[in-house]
Amino acid sequence: MREKVYPDFAAAVADIPDGASIMLAGFAGPGTARNLIAALYRQGAKGLTLISNTPGRWQDDRVDSGLLVKEGRVAKVHAAFTASPHPSVPSPFTDLYEAGKIEAELMPQGTLAERIRAAGAGIAAFYTPTGVGTEMADGKETRVFGGREYVLETALHADYAFVRARRADRFGNLQYHRTQRNFGPVMARAAKVTIVEVDEPVVEEGDIDPDHVHTPGIFVDRIVAVPPDGIQEVPPER
Amino acid sequence: MTEHLRQPLDRQTMANRLAMEFHDGWVVNLGIGIPTLCSNFVHPDRHVVFQSENGLVNYGPLAERGEEDPNLVNAGGQYVVEMAGMAILDHADSFALIRAGYVDVTVLGAYEVAANGDFANWKVAGAKGGGIGGAMDLAVGAKNVFLALEHTTRDGKPRLVERCALPVTAVGVVKLVATNLGLFEITEQGFVLTEIAPGYTPEDVQAVTGAPLTVSPELREFARVS
C-alpha cells in the first residue's frame with residue numbers, strides 16, 4: 001500500500017503548485033495546521049485560493065493563513081470573515097482587501113461548512129434558510145419549501161486540505177482532541193489531497209479503536225507527526 | 001422636588017436580564033461581547049445547556065489561568081473547561097443543529113435593530129469587508145433571538161430604528177432587546193418598552209430611539225438579580 005507517513009512537512013507540501021486551492025481547517029486556533037502552513041510558506045507557492053473560517057491573523061508570530069496573505073501569496077479567499085473578527089485586532093488581509101489587492105467571497109459560517117460538507121458528500125448544491133433577505137442571497141436562486149424561503153448554495157471543492165489532529169494511524173484514521181475537530185472532518189472529505197499534521201507520533205493500524213475514529217483513513221493522503229520542536233498549540237500569555 | 005438620578009445599566013445587568021428569560025433545559029448560544037456575560041448568571045433552579053458554533057455542546061465556564069486546554073475554546077476563542085456530559089461535533093454538524101432549530105435561544109450583539117425585527121451586526125458603514133461568522137445561521141435557526149446592545153452609537157445616534165440602514169443579518173427574527181436604557185419586546189406594534197433604567201422616563205428613552213415606542217401598561221424598573 002502507498003506510504004502515507006511523510007518524514008517532514010516540506011516533503012508533504014513539495015508538489016503544491018502555484019494557483020492551487022487549499023482548505024485550511026481551524027477555528028480560533030485549535031485545528032490549525034500551523035506546521036504545514038509554515039512549510040508551504042517556505043516552499044513558495046503563490047496565486048493560492050484559500051478556504052477557511054477567517055483569512056488569518058498572523059499575530060504574535062503565531063503562524064496561520066495570515067502569513068501567506070501578508071506575503072502576497074494568496075489571490076482569493078473564501079471565508080466567513082472579510083473583516084477582522086475582533087475590530088481591535090488588525091489582520092493582514094483587511095488592508096489588502098480594502099485596497100483591492102486580493103479577492104474574497106464572504107459567506108455565513110454554516111454555509112461555508114455545509115458547502116464543504118456537500119463537496120465531500122457528492123452533493124452538487126443545497127437550499128439553506130441562512131442569508132435569505134440579506135446581501136448573501138443577492139443574485140442567487142431562491143425557492144419556497146413548506147412556506148419558507150431558502151437560497152441555493154453550491155458545493156465548494158479544493159485541491160488540498162491542511163488538517164491538524166491529535167492522533168493518526170498509518171492508514172490515516174484520525175482522532176481529534178476537543179474543538180480541534182471543527183472543519184477537519186469535512187475538509188478531509190472535500191479535498192483531492194488531504195494532508196494532516198498530528199500532535200502525537202503516528203501509531204500502527206489497529207491502535208485506534210474503529211468505533212473511535214473521527215475521520216476514516218480513506219480521506220487522508222499524507223501524514224506528518226509534529227516533532228517536539230514543531231509548532232505546538234499552547235495557551236497564550238495573559 | 002425629588003432628584004431622579006439617571007443610571008444607565010451596566011453590561012452585566014443587561015446580560016443578566018436576558019438570561020433571566022432562559023427556561024430550564026434550554027440550549028443557549030451566546031455571541032461575543034455583552035452576550036458572553038449571560039453565562040455569569042446562574043439561576044437557582046434552572047439548568048441551561050451552552051452550545052458553541054465551533055462544535056461544543058454542554059461546555060463549562062471560562063478556564064482559570066493554568067487550567068486551559070489549548071484545544072478547548074468557545075466561539076470567541078476563549079478557553080473554557082469541560083463538563084461532565086459535554087460533547088464535540090464537527091463544524092458541519094454544529095451548524096446543522098443550529099439551522100435545524102435545536103438552539104432555543106441565541107443572544108447576539110448588534111449595530112442596529114429595527115421595529116420589524118430585522119437586525120444588522122456584520123458590516124459597518126463604508127467598509128468593504130464584513131464579519132458574518134455564525135450570526136446569520138444562528139439568527140434564522142434559533143427559536144428565539146435576543147439582542148444586547150448600547151442604546152445609541154458613541155456619537156449619540158439611535159441603534160433602535162424604524163428600518164435598518166446597514167446590511168441586515170436576518171429578517172424579522174428579533175423578539176427581545178436589552179439596552180443600557182431598558183428592555184424592549186418586538187411585537188406587531190414594533191418596539192414595546194417593558195422595563196426602564198432607573199431615573200429615566202419613557203420620554204427620555206423615546207428621545208434617543210429612532211422608531212416610535214409603545215410603553216407597556218405594566219412598565220416597571222429594569223429587573224436586577226438580587
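Modeller: In helix α5 of chain A, the buried residues are A:Gln109, A:Gly110, A:Thr111, A:Leu112, A:Ala113, A:Glu114, A:Arg115, A:Ile116, A:Ala118 and A:Ala119. This helix runs over residues 109-119 and is mostly covered, since 10 of its 11 residues are buried. Buried means a relative accessible area under 20%, exposed means over 50%, and partly exposed lies in between (1.4 Å probe, protein chains only). Helices (H or I, at least four residues) and strands (E, at least two) are DSSP runs numbered from the N terminus.

This is a predicted model, in which local features need pLDDT of at least 70, side-chain atom pairs count only at pLDDT 80 or more, and totals for chains, interfaces and linings use all residues, while side-chain values use heavy atoms, with hydrogens and water left out. Residues are numbered from 1 along each chain as its sequence is written, and chains are lettered from A and ligands numbered from 1 in the order in which they are written.

Let us turn to the salt bridges. Searching the whole structure gives 26 salt bridges over all chains, each being a side-chain nitrogen of Lys or Arg within 4 Å of a carboxyl oxygen of Asp or Glu. One of them joins B:Lys123 to A:Glu135, with 3.6 Å between the closest N and O atoms. This pair crosses between chains: B:Lys123 sits in the loop between β7 and α3 (135-141) of chain B, and A:Glu135 sits in the loop between β5 (125-128) and β6 (142-145) of chain A. B:Lys123 counts as buried because its relative accessibility is 14%, whereas A:Glu135, with a relative accessible area of 36%, is partly exposed.

Another salt bridge stays within chain A, where the side chains of A:Glu200 and A:Arg167 meet at 2.9 Å, N to O. Here the link is between distant parts of the chain, for A:Glu200 is in the loop between β11 (191-198) and β12 (222-225) of chain A, while A:Arg167 is in strand β9 (residues 167-168) of chain A, 33 residues apart. A:Glu200 is partly exposed because its relative accessible area is 25%, and A:Arg167 also counts as partly exposed, at 25% relative accessibility.

In chain B, B:Arg17 forms a salt bridge with B:Glu21, and the closest N and O atoms are 2.8 Å apart.

Elsewhere in chain A, A:Ser84 lies in the loop between β3 (74-79) and α4 (92-98). A:Ser84 counts as buried because its relative accessibility is 16%. Leaving aside neighbours within four places in sequence, A:Ser84 is in contact, meaning heavy atoms within 4.5 Å, with A:Val89 and A:Thr94. By contrast, 26 Å separate the C-alpha atoms of A:Ser84 and A:His177, which are 93 residues apart along the chain.

The sheets complete the picture. Strands of a sheet pair through backbone hydrogen bonds, either parallel or antiparallel, and two strands count as paired if DSSP finds at least two bridges between them. In chain B, an open sheet of 10 strands has the order β4-β3-β2-β1-β5-β8-β10-β11-β12-β13, with mixed pairing. Its edge strands, each pairing on one side only, are β4 (87-88) and β13 (213-221) of chain B. Within chain B, strand β11 (residues 182-187) and strand β12 (residues 190-196) run antiparallel and are joined by 6 bridges; B:Phe184 has B:Leu193, in β12(B), as its bridge partner.

Chain B also holds an open sheet of 3 strands in the order β7-β6-β9, again with mixed pairing. The edge strands here are β7 (119-120) and β9 (160-161) of chain B, each of which pairs on one side only. Strand β6 (residues 112-114) of chain B runs parallel to β9(B), to which 2 bridges join it, and the bridge partner of B:Val113 in β9(B) is B:Leu160.
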